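Reader: I would like to go through this structure one feature at a time. Please give the general idea first and then the case at hand.

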Amino acid sequence: MERKAFGIDLGTTYSAIAVCEDGETQILKNAEGMENTPSVIFFTGVTSTGEDDLLVGQEAKNSAETEPNNVVQFIKRKMGQSGPAVNFKAPSGKTYTPEMLSSFILRKVCQDAEQYVGEGEIKDVVITVPAYFDDARRTATKQAGAIASLNVLAVINEPTAAAIAYGFGKDTNARVLVYDLGGGTFDVTIMDIKGGHFDALATGGDSQLGGFNFDGRLSELIQKKLTEQGAVLDDDNDLLFAEIREKAERAKRMLTDKEVARLRLKGIKQPVEITREEFEEATADLLERTRVKLEQVMAEKSVTWEEIDELLVIGGSTRMPMVKKMLEALSGKQVKYKVNPDTAVAQGAAIFASTFEIDAESGAPRRDARTADTGGAVGGMANQIIISDVTSQSLGVVLLDSETNRKYNQIIIPRNSKIPTTSSQAAYTVVDNQTRLLVQVTEGNDSELEFVKVIGESTLSIPPYPKSSPIEIIYAYDPDQIVTIEVIDKVANKSLGTFEVDRTSNMSAEEVARATEIVGRTNVE
């Protein structure tokens, strides 16, 4: 029996799921009949057996104003991090990691989709991530899927998915710039589309910039207006600030179509008025950050606006009029929504998912369109699809300058390198009879160690050679942007060992298994 795969856009503020069959892509609606499900969790109570009861979606979002301490949202921003600051302690006393919390959202969208399609359990999925997500965040996303008992075939970049939704099944031959401003992240990607070949040239972004930040500025504006009107704001009044946050998001949506938003808050007689001009002035620096990132990516590849054929605008936050105004001023092109900014990513993920052949018993994919031609029609279409992505982060190694005795970062795989890719760096022992070799893997674009991050390390044993004996460090980047390191002893011409970056911020296999058991016992509605 053929196994059907689905595409999931696991968003900061909203999530969606889609399927591609017989050349048609369909967004699967949730239990409320909506195409997008709020990525919000409300812990409603504890069962007689000590397990947590929780709601995911619109009802959870509605509860943010009344029970903010039991509501969790904006989880995607914490992916790939660990520790008390990013975990959530539920009413039962259990602690949930961002991966576990994200798994509840994945379960919700899949459960609702199962009811919609009426074909049993959804297991095989492709999940999208921001192009600028690093290895830790990508790994955390895959782990969230595993904890939700899903078979994650792949994680792919959101701009790539949107480009697929735009160009697949058409005779498209264009250079596209994807401007993706979502609820919590910002990406910009330049991509060539030639028929069914989607070739990313460069990407950049900010994993901590999105509609969330614009809502925050609007919240500050509302608080300032309230204070000017004589209201006294108690810093300990969680309910009031949760209401202000919710009202800020509504005001942002209102200001998309109107010049003035009028808001009323509980217990405050006088309404608050926010003009579009005030909002745009308060957030001008946030918009400027997207412009700087956009122009950096174009400059890196020496691409001019004249060479851009299409401007693809996705992410719900791009509906803000100031985004369209800025992009039209920069590009000299008219901004049109060629795809639905809210659902294009899920649709593209579904198209990508449909390219996989899945082993009926093991669930293992037999074919991956990121590395090879699909070899035939996809989803009943005559077109073929090939995806070629780039690295979002530079990877390097810490070396010692023999003349200055100063440590520095040596980039081995530059950002925006085509993946999968392999690259190497020559290095040398630093003292006579050295028997240990510390390999520290870095992420970042600077030679100064203070401006990069050490993301993993391994200590390897070597024979006691003389000083300056040669070694070779080889980095391999796979399509999921997971890196593997091998060190070669060039004196003996043999491998000293291979290791993957073991990020302390990611869960271990044992922790994932334990989390899967806990999440599996939890009732999600």
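Reader: Is Gly205 buried or exposed?

Author: This is a predicted model, and the values here are computed from it. A residue counts as buried when its relative accessible area is under 20%. Gly205 has a relative accessible area of 2%, so Gly205 is buried. Its place is in strand E14. As for distances, Gly205 and Gly456 are 251 residues apart in sequence, and their C-alpha atoms are 23 Å apart in space.

Reader: What share of the residues of the protein counts as buried?

Author: Of the 525 residues, 54% count as buried.

Reader: How many helices and strands does the protein have?

Author: The secondary structure comes to 11 helices and 28 strands. The radius of gyration is 24 Å, close to the 24 Å that the globule rule gives for 525 residues, so the protein is as compact as a globular protein of that length. The C-alpha trace spans about 80 × 60 × 55 Å along its principal axes.

Reader: How many residues of helix H4 are buried?

Author: Helix H4, residues 158-167, is mostly covered, with 10 of its 10 residues buried. Among them are Glu158, Pro159, Tyr166 and Gly167. Just after H4 comes Gly169, which takes a positive phi of about 85°.

Reader: Now to charged pairs. How many salt bridges does the structure hold?

Author: To read one, look for a side-chain nitrogen of Lys or Arg within 4 Å of a carboxyl oxygen of Asp or Glu. The structure holds 30 salt bridges. One of them pairs the side chains of Lys61 and Glu249, at 2.7 Å from N to O.

Reader: Which parts of the chain does the pair of Lys61 and Glu249 tie together?

Author: Lys61 lies in helix H1 (residues 58-62) and Glu249 in helix H6, so the pair ties together parts that are 188 residues apart in sequence. Lys61 counts as buried because its relative accessibility is 9%. Glu249 also counts as buried, at 11% relative accessibility.

Reader: With which residue does the side chain of Lys418 meet in a salt bridge?

Author: The partner of Lys418 is Asp199, and the distance from N to O is 2.0 Å. This pair links distant parts of the chain: Lys418 is in strand E21 (residues 418-419) and Asp199 in strand E14 (residues 197-206), 219 residues apart. Lys418 is partly exposed, with a relative accessible area of 33%.

Reader: What is the distance between the closest N and O atoms of Lys252 and Asp215?

Author: In the salt bridge of Lys252 with Asp215, the closest N and O atoms are 3.0 Å apart. Lys252 lies in helix H6 and Asp215 in helix H5, so the parts tied together are 37 residues apart in sequence. Lys252 counts as buried at 12% relative accessibility, and Asp215 counts as buried at 5%.

Reader: Is Glu259 buried or exposed?

Author: A residue is called exposed when its relative accessible area is over 50%. Glu259 has 52%, so Glu259 is exposed. Its place is in the loop between H6 and strand E15 (260-263).

Reader: Turning to surface patches, which residues form the negative patch?

Author: Patches are made of residues with over 30% relative accessible area and no salt bridge. Here Asp234, Asp235, Asp236 and Asp238 form a negative surface patch. Asp235 sits in the loop between helix H5 (211-228) and helix H6 (238-257). With a relative accessible area of 65%, Asp235 is exposed.

Reader: Which residues make the nonpolar surface patch of about 200 Å²?

Author: That patch is made by Leu400, Val430 and Val431. Leu400 lies in strand E19, residues 395-400. Its relative accessible area is 33%, so Leu400 is partly exposed.

Notes
Residues numbered from 1 in each chain as written. Predicted model: local features only at pLDDT ≥ 70, side-chain atom pairs only at ≥ 80, totals over all residues. Heavy atoms only, no water. Patch = residues over 30% accessible without salt bridge, like charges linked within 9 Å, V, L, I, M, F, W, Y side chains within 5 Å. Areas by Shrake-Rupley, 256 points an atom, 1.4 Å probe, with all protein chains shown as cover. Lys, Arg positive; Asp, Glu negative; His and termini not counted. Charge placed at Lys NZ, Arg CZ, Asp CG, Glu CD. Helix = DSSP H or I, 4+ residues; strand = E, 2+ residues; numbered from the N terminus. Buried < 20%, exposed > 50% of the residue type's maximum accessible area, 1.4 Å probe, protein only. Rg over C-alpha atoms; globule rule 2.2 N^0.38 Å.
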